[in-house]
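Welcome, and please open the model in your viewer.

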Amino acid sequence: LSPSQTANLTQTKVVGVVAEVPGVDGLVGAATVAFDPLQVDGELLPSAFLENLKVHHAYRGRGLGTQLAQWRVAKARERFGSEGIILTGTSSDNLASQNTMRKWAKQFITTLRTVPQPPRSAPPRPVVGLRVRPAEQGDFEEAAARSNRVYAGYNLYPPFTAEALDGALG
């Protein structure tokens, strides 16, 4: 990454925008984008995940969703130019979102299936000789390094740092 891209990675992780209509109580739309570096083919690239995009049902079909989506893409480009990756997802039946994505996306990945599983009804049996304890600050560096080694060959992996683990778990 260039120095400016590296500096951009330390900026706010999530930014958002809201839409209002004068004389109408509440918001009629909102959208967020989250930034993280991602590993792709062994290289660390800046990325933007276009997270939430909501439009009140009474204001759909008027271009507001497209405007919110364009704002998120513009924020990503403002942050890292054309050198990063912009990702998002939607359900297979959300044709409006898919049509909006076609305006900026260069590549589509086929269906990703998620299979929810119920929680365990009982805890797993203990493993002899294994001690489980809460993570402590001194553990974060090793945990991050080991996780990053395990996923070194995976694409779209957001590498861990001790600081990020400390922030998430601290």
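**A tour of the salt bridges**

Start by selecting Glu-78, which is exposed at 60% relative accessibility (buried means under 20% relative accessible area, exposed over 50%, partly exposed in between, with a 1.4 Å probe and protein chains only). Before moving on, note that this is a predicted model, where local features need pLDDT of at least 70, side-chain atom pairs count only at pLDDT 80 or more, and totals for chains, interfaces and linings use all residues. Residues are numbered from 1 along each chain as its sequence is written, and side-chain values use heavy atoms, with hydrogens and water left out.

Helices (H or I, at least four residues) and strands (E, at least two) are DSSP runs, numbered from the N terminus. Lys-75 is partly exposed, at 25%.

Next, select Lys-13 and Asp-36: their closest N and O atoms are 2.6 Å apart, in a salt bridge. Lys-13 is in the loop between α1 (3-9) and β1 (14-19) and Asp-36 in strand β2 (residues 29-40), so the pair ties together parts 23 residues apart in sequence. Lys-13 is partly exposed at 43%, and Asp-36 is partly exposed at 31%.

Finally, go to Arg-146 and Glu-142, a salt bridge with closest N and O atoms 2.9 Å apart. They are four residues apart in helix α4 (residues 140-150), about one helical turn. The whole structure holds four salt bridges.

Terms used: Salt bridge = Lys/Arg side-chain N within 4 Å of Asp/Glu carboxyl O.
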